[in-house]
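Q: Please take a close look at one part of this model and describe how it is built. Start from the whole, so that the part has a setting.

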Amino acid sequence: MFELPNLPFAKDSMPDFCTAEGFDYHHGKHHAAYVNKLNAAIEGTDYVGKDLEEVIKTSNSEKNMAVFNNSAQHFNHSFFWESLSPESQAIGGKTLTKIAENFESLENFKEKFTTAATSLFGSGWTWLVETSDGKLEILQTSNANTPLTEGKKPLLTLDVWEHAYYIDFRNARPDFVAKFWNHVNWKMVEERLK
Ligand SMILES: [Fe+2]
């Protein structure tokens, strides 16, 4: 059985980006529903007892969409909470070097990531990932899709499903994306690059 993780911060700690009500819905209802549906979908199957990444990869190759969609959304949301920080953080040295190598500058990276997040059509996710040969890429994935099935290592993600911002920003996705930069957990990105 999979469990909904607690948010790794207080739900009222970043109201400019997401209010306590926003987290109550996004974490307490949307993420919780993916976990509950995942547990219901795997009950009595060989998926029970496997770790989450294995469930995602196996259900993707077996095209078991009920298991894939809910397991991938469970992973993506858990990773999204870890991507956030209540306080504005300084970017780590290794992260800054890698970003400069791959995107010329931090400003250029932010601009490209922002464009990817605001232009993604419909529901999905924007990611910073590391490829198997050590390059950094910005990736857009639709719906539940996740870099794990492409063999890419997630470093940072932003949920751009409408449910992520509708309570606090209504339909204004660009305003939500702009506030993300106040709350990036650069310490986690640095740890994952090591
Ligand atoms: Fe979400």
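A: Buried residues account for 35% of the 194 residues in the protein; a residue is buried if 20 or more other C-beta atoms lie within 10 Å of its own, exposed if 12 or fewer, and partly exposed in between, with C-beta atoms placed from the backbone. The model is predicted: local features need pLDDT of at least 70 and side-chain atom pairs count only at pLDDT 80 or more, while totals for chains, interfaces and linings use all residues. Residues are numbered from 1 along each chain as its sequence is written.

The protein has 8 helices and 3 strands, in the order α-α-α-α-α-β-β-β-α-α-α from the N terminus. These are DSSP runs numbered from the N terminus, helices being H or I of at least four residues and strands E of at least two. The radius of gyration is 16 Å, close to the 16 Å from the globule rule for 194 residues, so the protein is as compact as a globular protein of that length. That radius is taken over C-alpha atoms, and the rule is 2.2 Å times the number of residues to the power 0.38.

The axes of α2 and α3 come within 9 Å and cross at roughly 145°; axes are lines fitted to C-alpha atoms, for helices over the stretch in contact, with angles from 0 to 180 degrees between N-to-C directions. From α2 the contact takes L52, V55, I56, S59 and N60, and from α3 it takes V67, F68, S71, A72, H74 and F75. Two residues are in contact if their C-beta atoms, placed from the backbone, lie within 7 Å. By class the contact residues are 7 nonpolar, 4 polar and no charged, where Ala, Val, Leu, Ile, Met, Phe, Trp, Tyr, Cys and Pro count as nonpolar, Asp, Glu, Lys and Arg as charged, and the others, Gly among them, as polar. The crossing is left-handed, the near helix being turned anticlockwise from the far one by less than a right angle; clockwise would be right-handed.

K63 sits in the loop between α2 (52-61) and α3 (65-82). Its phi is near 55°, a positive value in a residue other than glycine. K63 counts as exposed because it has 8 C-beta neighbours inside 10 Å.
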